[in-house]
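Hello,

Here is the structure we talked about. My notes follow below it.

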Amino acid sequence: MSTKAELACVYSALILIDDDVAVTGEKIQTILKAAGVEVEPYWPGLFAKALEGINPKELITNVGSGVGAGPPVAGGAAPVVAEAAAAPAAEKKEEKKKEESENESDDDMGFGLFD
């Protein structure tokens, strides 16, 4: 039952946040009663305490923005570009060799694509 209670409290809190209403345990409980959802009495207060002092709208809108982005590369980018251009050509040659060797091994075993 705790999973349903957690979801109900989360949805109630999101409703309050969307309406720009302060998230309190009493307001969460009011929404839950209106929806006909019964939860343990500690859940609404727990969610209200968890959201205390933070701006949930900011958290929701900034999910994934700028996370993991490295600093911009300054200076010697030209050699890196030249190496990057040469690497795909070498990889293509290796892939062709691997494909040929795979096809040969299949033929040796008597397995073919259209057998």
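Ser12 touches Ile28, Ile31 and Leu32, leaving out residues up to four places away in sequence. Contact here means heavy atoms within 4.5 Å. Ser12 sits in helix H1 (residues 2-18). Ser12 counts as buried because its relative accessibility is 3%. The cut-offs are under 20% relative accessible area for buried, over 50% for exposed and partly exposed in between, with a 1.4 Å probe and protein chains only.

A word on the source: this is a predicted model, where local features need pLDDT of at least 70 and side-chain atom pairs count only at pLDDT 80 or more, while totals for chains, interfaces and linings use all residues. Residues are numbered from 1 along each chain as its sequence is written, and side-chain values use heavy atoms, with hydrogens and water left out.

Now H2. Its buried residues are Gly25, Ile28 and Leu32. They lie on the same side of H2, because they cover an arc of only 65° around the axis (the arc of the directions from the helix axis to the C-beta atoms). The face turned away from that buried side carries exposed Glu26, Thr30, Lys33 and Ala34. Just after H2, Gly36 has a positive phi of about 75°.

Which residues of H2 meet H3? Gly25, Ile28, Gln29 and Leu32 in H2 meet Pro44, Gly45, Phe47 and Ala48 in H3. Helices are DSSP runs (H or I, at least four residues), numbered from the N terminus.

Best wishes

Technical notes. Helices (H or I, at least four residues) and strands (E, at least two) are DSSP runs, numbered from the N terminus.
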